[in-house]
Amino acid sequence: MVVKHGQVACEAYRAPYGPNVPHMMYSVSKSFTSTAVAFAIDEGYMTLETKFLDVFPELRPTKYDAYLEKLNVFDLLTMQGGKSVSPMLDRTKDTWLQDFVNSPWAFEPGTEFLYISENMYVLCAMIQRLTGMSVTEFLTPRLYEPLGIDVPYWETCPRGIEAGGWGLFLKLEDLAKFTLCYKQHGKWNGKQVIPEYWTIEGTKGIADNSPRSDGDYDGMNGYGYCFWRNGGYENSYRADGMFSQFGIVFEDIDAILAVNGGNIDEHQTREAIWHHFPKAFIDDNPNAEGVQIAIKPYETLPKAPRSFLENSIDGKKLVFGKAHVLTVIGMPVSVLPLASVFMEKDKAGNITNVSFRFHENDVTMTWSEGDETNTILVGMDGEYRYDKIVLGGIGYTTAATASWISENVLEVQIRPIETVAERRLVFRFKDGNKVTMEPSTLPPSSVMLDNIKNSVKGVISSELVANLATKVIPLANPFADPTHYGNIK
């Protein structure tokens, strides 16, 4: 969505994604946490100098820790907290704050830049303790209601504290409103919503992120209060989330750009953006109207001849065993893609008890993951069927199709459209009561694991441990989408 002079100039959605379904924001969530900090400071709950241990004195270690005594809001907000927190921590445990405290130091707080998502979780915990409200409750009357944003879902830790650095779900228009409010220095419909100074000072290049930019010119121009200064266009900054979620402000042009995407190569996405913007902005036409641009939809599975096997498997239960390696490392195969479940506190996964009920133009599919069972309608005529599921305690909308690719092979395509990827499950029915299920993902799980590998290398201060992690994690690639073996009962 492109907004110029406060009006939508153009927007585009690629089906089955659309304007009315919230989308995973990943690290764009950090910019909302930053905004919550702005309100908390403005209302006197904290300052930039408020120390972590002053808010959580019970977490003070027995052995004196000079760095922890120094750690404050400013350090956390600008990714200069100094803690090196592993992204492989077990999110299912109610120990997120203690895990942060126990993590090793990479450097003294306030002296270097290190992008650690858990810094934002700590800020959310501080806000909740100081205000007596969750960040969602705190932001609702201050940000969401003034901007006309429906109160969004935000993933939390087992204590109910927002993840802060990830886990927020927003519609594209919500992201555009938020970005436009920053462009307007915190004003919305003539009213000051976000403190003006925050939208100016917090979007400057406060922290020097160039030593850890890995050559990315959009990652070496400075980092503010959870906003990145862009290198592709000098007078601009962005809220930034994995898989190419962007809220971009063009400071010297009265315009913003909001993007929800599914491309894990963010540099590639930004290259495409800088290729077209800001030169796409032409002379103003006061009589112009905003346009919706048509984009080719994602391909569905085609309508195909139906198999004779439908009668014999209709209503039968396909029982699959666990993929033990992935269960042990906290990455069990789910109908949700790996990108969706990696950071969740309630892990979905271990698909089993699958059953089908075939109809004239579609099929009903039921399956279990842990203690959750879902049923969805799946199109077999080349058209999506939409349904609702709950996995890992989170609600999703599915767009699904299925097709017999041979007499004994059924392929199912499922897009949880609040997420960034597509899951495919290929069921091969064999002689007797044997069946296999072959999962795959687009983008591939191997790409996600490579991204995890790079993240681990970026946050582990010990070069030896970081290099070991980058060698071990790729070993999971062959197991990321393993064949599941089962029986028909």
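Reader: Strand S19, residues 422–429: is it mostly covered or open?

Author: Mostly covered. Keep in mind that this is a predicted model. "Buried" here means under 20% relative accessible area, and six of the eight residues in S19 are buried.

Reader: How should I think about side chains along a strand?

Author: In a regular strand they alternate between the two faces of the sheet. To place S19 in its sheet, look at the strands it pairs with.

Reader: OK, in which sense does S18 pair with S19, and over how many bridges?

Author: Antiparallel, over six bridges; S18 covers residues 409–416. For a landmark, find Leu 410, which stands opposite Phe 427 in S19. The two strands make a hairpin, with five residues between them.

Reader: And what about S19 and S20?

Author: That pairing is antiparallel too, over eight bridges, and S20 runs through residues 434–442.

Reader: Which residue takes a positive phi in the hairpin of S19 and S20?

Author: Gly 432, with phi near 75 degrees; this hairpin has four residues between its strands.

Reader: Zooming out, how many helices and strands does the chain have?

Author: You'll find 15 helices and 21 strands. Of the 489 residues, 57% count as buried.

Reader: How does the radius of gyration compare with that of a compact globule?

Author: It agrees: a compact globule of 489 residues would come in near 23 Å, and the chain has 24 Å. Along its principal axes, the C-alpha trace spans about 70 × 70 × 40 Å.

How values were computed: Residues numbered from 1 in each chain as written. Predicted model: local features only at pLDDT ≥ 70, side-chain atom pairs only at ≥ 80, totals over all residues. Heavy atoms only, no water. Rg over C-alpha atoms; globule rule 2.2 N^0.38 Å. Buried < 20%, exposed > 50% of the residue type's maximum accessible area, 1.4 Å probe, protein only. Pairing = 2+ DSSP bridges.
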